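Biologist: I would like to learn how to read a few features off a model. Could we take them one at a time?

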Amino acid sequence: MGPIIHIVDDDQSFRTAIGRMIGASGFRVALYESGEQFLAHLPNAGPGCILLDLQLPGLSGSDLQSRLAETVPLLPIIYLTGEGDIQASVRAIKAGAEDFLEKPASGKTVVEAIDRALLQYERRLIAYDRIHTFETLLANLTPREAQVFDLIVRGKLNKQIAYALGTSERTVKAHRHCVMEKLGARSLAEAVSIAERMGRLEPESTPPRHV
């Protein structure tokens with residue numbers, strides 16, 4: 001099944017017209033008259049994007065965008081509104097919107113924005129899958145291996161890790177080998193990359209020494 005373009009707009013005639021135009025371009029379309037209706041029928045994590053009006057009765061477009069950042073973060077948002085301004089567009093883009101278009105936008109402009117948003121969806125999906133894989137790999141580390149991992153990605157030498165953890169260099173080397181093997185990391189650079197993607201390189205705290 002192809003991607004679904006979710007259109008959220010309270011203007012029924014516009015919603016229907018833009019839906020027909022997008023449908024004629026080969027996309028599947030779902031129509032919603034409000035942000036509340038969209039939230040009540042949240043889509044599955046399949047490919048697609050959201051075409052969103054800024055000024056909506058009840059839940060505004062920006063409020064809906066904030067909620068969707070947690071519920072369906074993979075779906076890019078394209079604003080298509082008749083009441084936007086530069087400040088509104090800047091806020092929307094900073095909050096993660098893919099594009100900000102003003103009504104009336106040509107069919108060509110809308111479809112091109114949708115194409116860009118669908119490419120962004122694919123990028124987000126790849127990144128999400130990669131993070132999920134890393135989470136699974138890190139979950140396979142023992143508590144001590146996780147400690148060793150956090151130290152080696154900060155460039156600590158085996159003897160420094162051994163001192164910090166109150167163990168021998170031989171033991172650290174064994175843990176280090178297991179860490180690299182479980183993560184599928186062929187080099188320290190790859191291990192550091194995993195740590196960066198998983199937010200493991202926060203400011204270092206001094207690990208407790210074994211007494």
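Modeller: Start with Asp 150 and Arg 200, which form a salt bridge with the closest N and O atoms 3.1 Å apart. The model is a predicted one.

Biologist: Where in the chain do Asp 150 and Arg 200 lie?

Modeller: Asp 150 is in helix 6 (residues 143-152) and Arg 200 is in the segment after helix 9 (188-197), so the pair ties together parts that are 50 residues apart in sequence. Arg 200 is partly exposed, with a relative accessibility of 25%.

Biologist: How many salt bridges does a search of the whole structure find?

Modeller: Seven salt bridges are found in the whole structure. One of them joins the side chains of Asp 53 and Lys 103, at 3.9 Å from N to O. That value counts because the nitrogen has to be within 4 Å of the carboxyl oxygen.

Biologist: Which parts of the chain does the pair of Asp 53 and Lys 103 link?

Modeller: Distant ones: Asp 53 sits in the loop between strand 3 (48-52) and helix 3 (61-71), and Lys 103 in the loop between strand 5 and helix 5, 50 residues apart. Asp 9 belongs here too, as Asp 9, Asp 53 and Lys 103 are linked in a network of salt bridges.

Biologist: Are Asp 53 and Lys 103 buried or partly exposed?

Modeller: Asp 53 has a relative accessible area of 5%, so Asp 53 is buried. Lys 103 has 25% and is therefore partly exposed.

Biologist: What separates Glu 112 and Lys 108 along helix 5?

Modeller: About one helical turn, because Glu 112 and Lys 108 are four residues apart in helix 5. They form a salt bridge whose closest N and O atoms are 2.5 Å apart. Glu 112 is partly exposed at 34% relative accessible area, while Lys 108 counts as exposed at 58%.

Biologist: What kind of peptide bond joins Lys 103 and Pro 104?

Modeller: The general idea is that most peptide bonds are trans. Lys 103 and Pro 104 are joined by a cis peptide bond, with omega about -5°. Pro 104 is placed in the loop between strand 5 and helix 5 (107-139).

Biologist: Next, aromatic rings. How is a pair of aromatic rings described?

Modeller: By the distance between the ring centres and the angle between the planes. The count here is two aromatic pairs. In one, the rings of Tyr 32 and Phe 38 have centres 4.8 Å apart and planes at 80°, so this pair is edge-to-face. Tyr 32 and Phe 38 are both buried. Tyr 79 and Phe 100 form a tilted pair, at 5.5 Å centre to centre with 40° between the planes.

Biologist: Which strands hold Tyr 79 and Phe 100?

Modeller: Tyr 79 lies in strand 4 (residues 77-81) and Phe 100 in strand 5 (residues 99-102), so the pair ties together parts 21 residues apart in sequence. Tyr 79 is buried, with a relative accessible area of 0%. Phe 100 is also buried, with 14%.

Biologist: Last, surface charge. Which residues gather in a patch of negative charge on the surface?

Modeller: The patch consists of Asp 10, Asp 11, Glu 33 and Glu 83. Asp 11 is located in the loop between strand 1 (4-8) and helix 1 (12-24). Asp 11 counts as partly exposed because its relative accessibility is 34%.

How values were computed
Residues numbered from 1 in each chain as written. Predicted model: local features only at pLDDT ≥ 70, side-chain atom pairs only at ≥ 80, totals over all residues. Heavy atoms only, no water. Patch = residues over 30% accessible without salt bridge, like charges linked within 9 Å, V, L, I, M, F, W, Y side chains within 5 Å. Areas by Shrake-Rupley, 256 points an atom, 1.4 Å probe, with all protein chains shown as cover. Lys, Arg positive; Asp, Glu negative; His and termini not counted. Charge placed at Lys NZ, Arg CZ, Asp CG, Glu CD. Helix = DSSP H or I, 4+ residues; strand = E, 2+ residues; numbered from the N terminus. Buried < 20%, exposed > 50% of the residue type's maximum accessible area, 1.4 Å probe, protein only. Phe/Tyr/Trp six-rings, centres within 6.5 Å; stacked < 30°, edge-to-face > 60°.
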